[in-house]
Amino acid sequence: QVQVVESGGGSVQAGGSLRLSCVASGTIVGIEVMGWYRQAPGKQREFVALIQKDTRTNYADSVKGRFVISGDNLKKTVYLQMNSLKLEDSAIYYCNVRSSGGPGRWYNTWGQGTQVTVSS
């Protein structure tokens, strides 16, 4: 099994910055993709950003130019640097890890989430 733990959430004023971290542990032979999603109250969970094992990244249009995702495969860690935060960035942020535990063993694991609150 795989465990995923996020940290770094908190409260910040609009225009400020936060950095989220996510660490994966457990039966991990290789990590394919690590990503961030978010869910605001009353809304569906939405994609924010991801980084693939070859370091290619992808971002939601709403965060392009403001958020930066980076990863360290050796440490099984992914970061999300969030700059120029807006009120609408407030949400619970979830880390997602897609990994291999060996031949034919694939895992898609979610963290418990970390709250980000942006105030005016």
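Predicted model: local features only at pLDDT ≥ 70, side-chain atom pairs only at ≥ 80, totals over all residues.
Tyr-37 is buried, with a relative accessible area of 14%.

Two aromatic pairs turn up in a search of the whole structure. The table gives their geometry.

| Ring pair | Distance between centres | Angle between planes | Type |
|---|---|---|---|
| Tyr-37 and Phe-47 | 5.6 Å | 70 degrees | edge-to-face |
| Tyr-37 and Trp-110 | 5.0 Å | 65 degrees | edge-to-face |

Why do these pairs count as edge-to-face? Planes over 60 degrees apart get that label. The Tyr-37 and Phe-47 planes stand at 70 degrees, so the pair is edge-to-face. The planes of Tyr-37 and Trp-110 stand at 65 degrees, so that pair is edge-to-face too.

The pairs link distant parts of the chain. Tyr-37 lies in strand 4 and Phe-47 in strand 5, ten residues apart. Trp-110 belongs to strand 10 (residues 105-110), 73 residues from Tyr-37. Together, Tyr-37, Phe-47 and Trp-110 form one aromatic cluster. Phe-47 is partly exposed, at 24% relative accessibility. Trp-110 is also partly exposed, at 34%.

**Strand 4 and its partners**

Strand 4 covers residues 30-39. Seven of its ten residues are buried, so the strand is largely enclosed by the rest of the structure. Strand 4 pairs with strand 9 (residues 91-102) in the antiparallel sense, over nine bridges. There, Ile-31 stands opposite Ser-99. Strand 4 also pairs with strand 5 (residues 46-52), again antiparallel, over six bridges. Here Gly-35 has Leu-50 as its bridge partner. The hairpin of strand 4 and strand 5 has six residues between the strands, and Gly-42 takes a positive phi near 75 degrees in it.

Which strands make up the open sheet, and in what order? Four strands form it, in the order 1-3-8-7, with antiparallel pairing. Its edges are strand 1 (2-7) and strand 7 (67-72), each pairing on one side only. From one strand to the next, the twist averages 15 degrees.

Strand 1 and strand 3 share six bridges. Ser-21 in strand 3 is the bridge partner of Ser-7. Is Ser-21 buried or exposed? At 17% relative accessibility, Ser-21 counts as buried. Its contacts include Val-5, Trp-36 and Tyr-79.

**Charges over rings**

Tyr-79 has another neighbour. The charged end of Arg-19 sits over the Tyr-79 ring, 4.0 Å from its centre. Likewise, Arg-45 lies over the face of Tyr-94, 3.7 Å from the ring centre.

Note on methods:
Residues numbered from 1 in each chain as written. Heavy atoms only, no water. Buried < 20%, exposed > 50% of the residue type's maximum accessible area, 1.4 Å probe, protein only. Contact = heavy atoms within 4.5 Å. Pairing = 2+ DSSP bridges. Helix = DSSP H or I, 4+ residues; strand = E, 2+ residues; numbered from the N terminus. Axes fitted to C-alpha atoms, helices over the stretch in contact; angles between N-to-C directions. Phe/Tyr/Trp six-rings, centres within 6.5 Å; stacked < 30°, edge-to-face > 60°. Lys NZ or Arg CZ within 6 Å of the ring centre and 35° of its normal. Lists of a residue's contacts leave out its neighbours within four places in sequence.
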